[in-house]
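Good morning, and thank you for making time for this presentation. I would ask you to keep the sequence and the structure in view while I speak.

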Amino acid sequence: MKNALFTNMKAAIFDMDGTILDSMGMWHGIAAQYLRANGKTPRENLWDEVKRFNLVETANYFIENYQVEKPKEQIMGEVRAIIIEHYGKTLQLKEGARELLKTLNEKHIPCVLATATDRASVLACMKRLDCEKYFVKILTCLEYNTTKAETLIFEKSAEVCGVKNEEAVVFEDALHALRTAHNAGFKTCAVYDKSDEERTEPPLTDWERMLKICDASCLSLREVISSF
């Protein structure tokens, strides 16, 4: 991939889950894993039911729809424990992620990790994979009381790097987040993940919609390295 977008960028803003970390499969299966551990048989459409729920909503869903006879707070704590265990022990980087981060560091291009995942999970994973060192800052939506449907997390990332929005490239695998960054004036690179085959806005897949918005795209982050 030869693209002046990357050679001219002054900062890189990375999402974590599905972008540099191969974790979307875990997220797709976490609800079913929890239910099976509690003796319940998950329905086939479980992921479609819970994929937009936060942890509180998920716990309530388990109680109301699967009759999990535990206090909501206990369910939330047990789900968090499973999530942190995955981040701390099993999840791995996506192809080309480490090499790209290392290349950007060698080129003195500051990198920020901007994620909707909580800091404890992020650090458990990034420290284990020895990737925390590649980022000048790790920003989480929770700490700013925001989501990636809003521009704040991306604007704070650019601010940390001392660059204008249009001077930074946002690497994202999620349609809604890519759209937010694009609308805020950032350059964007769509990073393919299997979860992008979903059709959150039918009839097109999320990936097809991302390709209509982004400034660049890649099936693997390894493709980006060839621009340098």
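Let me begin with a term: two strands pair if DSSP finds at least two bridges between them. Please also bear in mind that this is a predicted model.

With that term in hand, consider β1 and β4. These strands pair in the parallel sense, over four bridges. Within that pairing, Phe14 has Phe171 in β4 as its bridge partner.

Now to the sheet as a whole. It is an open sheet of six strands, and the pairing is parallel. Reading across, the order is β3-β2-β1-β4-β5-β6. Strands β3, residues 137–140, and β6, residues 216–218, stand at the edges with a single partner strand each, so one side of each is left without a neighbour in the sheet. Ignoring direction, neighbouring strands are turned against each other by 20° on average.

What packs on this sheet? Helix α6, residues 97–106, does so, touching β1, β2 and β4. The direction of α6 makes about 155° with that of β1. Another helix, α9, lies across β4 and β5, and runs at about 165° to β5.

How many of the five residues of β4 are buried? Five of the five are, and the strand is described as mostly covered. Ala168, Val170 and Glu172 point one way from β4, while Val169 and Phe171 point the other way, and all are buried.

Val169 stands opposite Lys187 in β5, and Glu172 stands opposite Ala190 in β5. Strand β5 is likewise mostly covered, with four of its five residues buried.

Cys214 is found in the loop between α10 and β6. Not counting residues up to four places away in sequence, Cys214 touches Leu178, Thr188 and Ala190. Is Cys214 buried or exposed? Its relative accessible area is 15%, and Cys214 is therefore buried, given that the cut-off for that term is under 20%. For a sense of distance, the C-alpha atoms of Cys214 and Met16 are separated by 18 Å, and the two residues lie 198 residues apart along the chain.

I come next to the aromatic side chains. Rings count as a pair here if their centres lie within 6.5 Å. By this rule, the count comes to nine aromatic pairs. I shall describe two of them.

In the pair formed by Phe154 and Phe186, the ring centres are 6.2 Å apart and the planes stand at 55°, so the pair is tilted. This pair links distant parts of the chain, as its members are 32 residues apart. Phe154 belongs to helix α8, residues 152–161, whereas Phe186 sits in the loop between α9 and β5. Both residues are buried.

Why is the pair of Tyr192 and Trp207 called edge-to-face? The planes of these two rings are at 85°, with the centres 5.2 Å apart, so the pair falls in that class, for which the planes must be over 60 degrees apart. This pair, too, links distant parts of the chain: Tyr192 lies in the loop between β5 and α10, and Trp207 in helix α10, 15 residues apart. Tyr192 is partly exposed, with a relative accessible area of 22%. Trp207, at 11%, is buried.

Ring pairs also link Phe6, Phe14, Phe135 and Phe171 into a cluster.

Finally, the largest pocket. Its volume is about 1,700 Å³. Which of the 48 residues lining this pocket are the closest to its centre? They are Trp27, Lys51, Arg52, Phe53 and Ala116. The elements that give two or more residues to the lining are α2, α3, α4, α5 and α9. The largest share, six residues, comes from α2.

That concludes the presentation, and I thank you for your attention.

Conventions: Residues numbered from 1 in each chain as written. Predicted model: local features only at pLDDT ≥ 70, side-chain atom pairs only at ≥ 80, totals over all residues. Heavy atoms only, no water. Phe/Tyr/Trp six-rings, centres within 6.5 Å; stacked < 30°, edge-to-face > 60°. Buried < 20%, exposed > 50% of the residue type's maximum accessible area, 1.4 Å probe, protein only. Axes fitted to C-alpha atoms, helices over the stretch in contact; angles between N-to-C directions. Contact = heavy atoms within 4.5 Å. 1 Å grid on protein atoms, 1.4 Å probe; cavity = no way out; pocket = protein on both sides within 12 Å on 5 of 7 lines; lining within 4 Å. Points joined across faces, edges and corners; volume = space filled by probe spheres on them.
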